[in-house]
Amino acid sequence: MNRTTLSLIAVATALAAVTGFATLTAPDSTGAAVAQTPALLPVERTSQLCPAPSMSDIAETTYTSFTPAGTSGSGTSGSAGLSESVVTLADTAGNTKDATKDAQKDDKSDNKDDKNDAKDAKSDGEKTDSAQDKAFLALKEPGKPVSAEASGAEAPALVGSADGRLAPGWTTQQTTTVSVGGARGLLGMTCAGPDTDFWFPGVSTEASRQDYVHLTNPDETAAVADIEVYGKDGVLKSEVGEGIPVPGRSSVPVLLSTLTGETAPDATVHVTTRTGRVGAVVRVADEKAGSDWLAPSGDPAGRLVLPGIPADATDVRLVAFATGEDDADLKVQLAGADGTITPAGNETLHVKSRMTASVDLADVTKGQAGSLVLSPVSSGRAAPVVAALRVVRGKGANQEIAFIPATAPIASRATAADNRAKGSTLSLTAPGAAAKVKVTSSAGTGGGEPAVQTYTVKAGTTLAVTPPAPKGLKGSYAVTVEPEAGGGPVHAARTLALPEDGVPMFTVQTLPDDRGMVSVPKAREDLSILGD
């Protein structure tokens, strides 16, 4: 019998560094399996996807990338960059075509001035593989954000990755301003990693809405995705939502209303992949209330928190979906500056299994920033749900919308990039016990010194603050949130408000944990595998 030694610790550690999860057991002196105590280590590699930001010729987009400084054990070297991907249009039969080439043909035929030609140089001419692989936005070191700008409808979708010391907590913000037209608004989103399952409560197939599901594939091989749409009575009929191809290193926008002939003012989209993995996000354009991105809701759960409703919200609409076999009866509460209250007339919401439910909460914040808290009406088994808020600021022709999906508490750290000298508000919610939170504002993209401040969030409240201003700020900066040990769970969101011509343009990004650290088994000794 030959004795072969294999370091399972090394295998598990490598697996965790990429996937974020690993477990390992080892025998004790009696031969029984004993779980090893896990250790927290920084991730070694992470990836991000940013969809094409707009179809408007007057759109102005800023991409801001950042990795927090001070992650112990992350090494001294690393790289982080995002490169352009091809935008591919999908028709109602599931066929796709390269929209980038169409845009290039249009560029050659259009009579543009020299300034626009210079800005759009990356979109003109034939795109080669080497051009796509060249970094559009590259980060050099932790603690110092970098930014890049793009104009018009040809602003690219981006795919990329970070490794080494730039991987833990790597964050990229995409912010787009469209000043006029049906897609007018401030559109913001945090570029996210690929996955295989996404929920989007809050979409619509009404004629006044143009909701595009953007599917972005970071890999070289094609992915195949399915899109299901659920209304108040269940799944909407569709013959073209299955088997949507997403070519390698490409982004495919799918207009939701082309997938079904049924009209649903409030609906939920479920995106899954049959093969491969994608990033998914929904771009919403409302002809009366502007536009913004709708990010996926957090994982289905019986208790949800939707943080960051602005104090001056004029209308708030809750959309929820029960993902399991059981109906959900939810208690609706608002965690505000002075405590948690129940909105009069909207104390509960019944959500039928595999159906979408909604309720208009009007101006529920009444001049104080808050966060919505959903929990089971009765104790016992809680039916899993996903949820999102449609939030309106302003009135009449000067309305603007944003979306707030349910988000999990911050386990260790979370970051919002692209904060400006004016207009950023940080919302911190402690739905349970009180918590202390360390907030760090980074140096700016053009210079400045970091600033740090610690806040106390009382139990059952939402604290809305302006992040500490970096000294000598030039450009935009990142805000990193770290709950201190010993307190209750903290949910967070960042609002960026950039009013223009009387329109209160704004966007809200929730702050889930950055997953910069992973649990791996502690290495006590090499384990042995006996073989013939």
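I looked up tyrosine 63 and phenylalanine 136 and found both buried. Buried means under 20% relative accessible area, exposed over 50%, and partly exposed in between, with a 1.4 Å probe and protein chains only.

The model is predicted, so I note its limits: local features need pLDDT of at least 70, side-chain atom pairs count only at pLDDT 80 or more, and totals for chains, interfaces and linings use all residues. Residues are numbered from 1 along each chain as its sequence is written, and side-chain values use heavy atoms, with hydrogens and water left out.

**Entry: aromatic pairs**

I searched the whole structure and got five aromatic pairs. My criterion: rings of Phe, Tyr and Trp (its six-membered ring) pair if their centres lie within 6.5 Å; planes under 30 degrees apart are stacked, over 60 edge-to-face, the rest tilted.

Tyrosine 63 and phenylalanine 136 make an edge-to-face pair, with 5.3 Å centre to centre and 80° between the planes. Tyrosine 63 is in strand E6 (residues 60-66) and phenylalanine 136 in strand E9 (residues 135-139), so this pair links distant parts of the chain, 73 residues apart. Strands (E, at least two residues) and helices (H or I, at least four) are DSSP runs, numbered from the N terminus.

Next I took tryptophan 199 and tyrosine 230. This aromatic pair is tilted: 6.5 Å between centres, 40° between planes. Tryptophan 199 lies in strand E14 and tyrosine 230 in strand E16 (residues 223-231), so the pair ties together parts 31 residues apart in sequence. Tryptophan 199 has 8% relative accessibility and so counts as buried. Tyrosine 230 has a relative accessible area of 5%, so tyrosine 230 is buried too. I also found that Trp199, Tyr230 and Phe321 form one aromatic cluster.

**Entry: strand E16**

How many of the nine residues of E16 are buried? Seven are, and E16 is mostly covered.

I then listed its strand partners. Two strands pair if DSSP finds at least two bridges between them.

- E16 and strand E20 (residues 267-275) run antiparallel and are joined by seven bridges. Isoleucine 227 stands opposite valine 271 in E20.
- E16 pairs with strand E18 (residues 244-246) in the antiparallel sense over three bridges. Alanine 223 has valine 246 in E18 as its bridge partner.
- E16 pairs with strand E17 (residues 234-235), again in the antiparallel sense, over two bridges. Glycine 231 stands opposite glycine 234 in E17. A hairpin through two residues joins E16 to E17.

A reminder to myself: in a regular strand the side chains alternate between the two faces of the sheet.

**Entry: the disulfide**

I counted disulfides and got one. The term covers a pair of cysteine sulfur atoms within 2.5 Å. Cysteine 50 is joined to cysteine 191, with S to S at 2.0 Å. The pair links distant parts of the chain: cysteine 50 is in strand E5, cysteine 191 in the loop between strand E13 (185-190) and strand E14 (197-203), 141 residues apart. Which hand does the disulfide have? The torsion about the S-S bond is about 115°, so the disulfide is right-handed. Cysteine 50 and cysteine 191 are both buried.

**Entry: threonine 46**

I stayed in strand E5 (residues 45-50), which holds threonine 46. Is threonine 46 buried or partly exposed? At 25% relative accessibility, threonine 46 counts as partly exposed. I checked its contacts (heavy atoms within 4.5 Å). Leaving aside neighbours within four places in sequence, threonine 46 touches Gly160, Ser161, Ala162, Ala167 and Trp170.

**Entry: arginines over rings**

A charge sits over a ring if NZ of Lys or CZ of Arg is within 6 Å of the ring centre and within 35 degrees of the ring normal. Arginine 283 has its charged end over the ring of tyrosine 212, 5.5 Å from the centre. Arginine 393 does likewise over the ring of phenylalanine 506, at 5.1 Å from the centre.

Arginine 393 is in strand E30 (residues 385-393). Its relative accessibility is 13%, so arginine 393 counts as buried. Its side chain makes a polar contact with the side chain of aspartate 312 at 2.8 Å. For a polar contact, I need a pair of N or O atoms within 3.5 Å; within protein, one must be able to donate a hydrogen and the other to accept it, and residues adjacent in sequence count only if both atoms are side-chain atoms. Beyond four places in sequence, the contacts of arginine 393 include Asp312, Ala497, Pro504, Met505 and Phe506.
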